[in-house]
Amino acid sequence: MNAFEYPIYVTRPMLANLEEVNQEIHEIWESKWLTNGGAKHQKLEEELKNILKVPSLSLFNNGTIALIVAIQSLRLSGEVITTPFTFPATPHVLPWNDITPIFCDIDENTLTLDAEKLEKMITPKTTGILGVHVYGMPCNVTKIQEIADKYGLRVIYDAAHAFGTEINGVGIGTFGDISMFSFHSTKLFHTLEGGALTFNDPHLKPRIDLLKNFGIKNEEEVIMPGINGKMNEVQASIGLINLRYIEAEREKRRKIVNTYKENLAGMLGIQVFEIPDGIKNSYQYFVIRVGKDFGHSRDEVHEHLKKYNVFTRKYFYPLCSDYSCYKQLPSSKPENLSVAHKIVKEVLCLPLYGDLSLNDVKTICTMIKDLNK
Ligand code: T4K
């Protein structure tokens, strides 16, 4: 089999039509209002509230700053329990708030925090739980909330991958105290760079909006040590345009995922993660688990596909608990994180984006199959 003539990456951004971009930019130029909560920003906040089915939302310049602000806004301190199986941004926001991350193992089916093991990690210093709906697969939100209520903890969800995920028709951004969405270019819905916090308590909005704007209350008062987390008007415009096409993009991705599933079905040792009934898939990533029965390791599949110009990603290898900055933590001991250590060597994200052709998807599946020829 020949290699693709063009590189196929794990994802490609949705690219807005340039005429529509020009029209939006023209309006921004006319208004001479480029950032600091302009008209496009207001409009995008309103539209996203409807689409994500959340009562309150604040836009940000990226998801990481949004998460830092979420923690500040709830005044978390001491220790926060989180997952080692995530992008570095998740645990990093904790030391940025002078908080120690406590790593808890993950569930083998959802790859999210194992709610059964969570309770044992709570100490008198614990103030919160930071779960990640990794690859858009929801955490066990019911059990996590039960534990949080029992111990008086706050819950923040990193929903960076979960744009549009719903549990029985309820927006994923309504669970816990605050959820963070990333609108980075690699995300299904993007604003070039960007992000948002969503929350049920409307009283959080003024505090979050102050924290993202240096803590400036008015011309004469600065009332808290805020940061610059503002989304500008060009970012917001790209978001407004992308929202027009988001369902079409999701539909294309749905077909791609089904094509992968059909063509990988019956391949011994290759497991596809099924989204449980009642869950609306975000279609952010398509992930396989390469088990021993396949006869080749996940790393071998990754390297094999590279030869054919297909660049899969080993998200999220290495585990955050293995980073030099966290390795010395008692909770980072591999024996506490046995499932995460197994999973992180076996999962692989295959290319998924609307412009990927179904023929290319079939070819990628054949390339995987051919490893065993
Ligand atoms: N929490 C979680 C769970 C996250 O996954 C992330 C971000 C965050 C928090 C933080 O949110 P932000 O602060 O970023 O809003 C990418 C993204 O940069 C990152 O946002 C994302 N997670 C992560 C999972 O993926 P890399 O290091 O893999 O990006 P990169 O540059 O290698 O891009 C991946 C592929 O995408 C490339 O091989 C090709 C394609 N690509 C990428 C870019 C940037 C394009 O085709 N065009 C582009 O402009 O982190």
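## A walk through the predicted model

Let's start at Ala66, which sits in helix H3 (residues 63-73). Helices here are DSSP runs of H or I with at least four residues, strands are runs of E with at least two, and both are numbered from the N terminus. Ala66 has 0% relative accessibility and therefore counts as buried; the term buried means under 20% relative accessible area, exposed means over 50%, and partly exposed is what lies in between, using a 1.4 Å probe and protein chains only. Between Ala66 and Ile241 there are 175 residues in sequence and 22 Å in space, C-alpha to C-alpha.

A word on the ground rules. This is a predicted model, with local features needing pLDDT of at least 70 and side-chain atom pairs counting only at pLDDT 80 or more, while totals for chains, interfaces and linings use all residues. Residues are numbered from 1 along each chain as its sequence is written, and side-chain values use heavy atoms, with hydrogens and water left out.

Arg75, in the loop between H3 and strand S3 (79-82), has phi near 55°, a positive value in a residue other than glycine. Arg75 is also exposed, at a relative accessible area of 60%. Leu111 shows a positive phi too, near 65°, and again the residue is not glycine. You'll find Leu111 in the loop between strand S4 (100-103) and helix H5 (115-118), but here the residue is buried, with a relative accessible area of 0%.

Now for the strands. Strand S5 (residues 126-132) runs parallel to S6, and the two pair over 5 bridges; strands count as paired if DSSP finds at least two bridges between them. Why is S6 described as largely enclosed by the rest of the structure? Because 4 of its 5 residues are buried.

Further along there's an open sheet of 3 strands, in the order S8-S7-S14, with antiparallel pairing. S7 and S8 are joined by 2 bridges in the antiparallel sense, and Glu166 has Gly171 in S8 as its bridge partner. As background, side chains in a regular strand alternate between the two faces of the sheet.

Next, the rings. In general, a pair of aromatic rings is described by the distance of the centres and the angle of the planes. Rings of Phe, Tyr and Trp (its six-membered ring) pair here if their centres lie within 6.5 Å; planes under 30 degrees apart are stacked, over 60 edge-to-face, and the rest tilted. By this rule there are 16 aromatic pairs. Take Phe163 and Phe181: their centres are 6.5 Å apart with 85° between the planes, an edge-to-face pair. Phe163 is in the loop between strand S6 (154-158) and strand S7 (166-167), and Phe181 is in strand S9 (residues 178-182), so this pair ties together parts 18 residues apart in sequence. Both Phe163 and Phe181 are buried. Phe183 and Phe189 have ring centres 4.8 Å apart and planes at 80°, so they are edge-to-face as well, and both of these residues are buried.

Ring pairs also link up a cluster made of Phe85, Phe87, Tyr135, Tyr285, Tyr315 and Phe316. Two of its members, Tyr315 and Phe316, are joined by a cis peptide bond with omega of about 5°. Phe316 belongs to the loop between strand S16 (310-311) and helix H10 (338-343). That loop between S16 and H10 also holds Pro318, and the peptide bond from Tyr317 to Pro318 is cis, with omega near -5°.

Tyr317 has a charge over its face: Lys314 is 5.5 Å from the ring centre. The rule for this is that NZ of Lys or CZ of Arg lies within 6 Å of the ring centre and within 35 degrees of the ring normal. Lys212 does likewise with Phe60, lying over the ring face at 5.2 Å from the centre.

Last stop: Phe214, in the loop between helix H7 (204-211) and strand S11 (216-218). Phe214 is partly exposed, with a relative accessible area of 37%.
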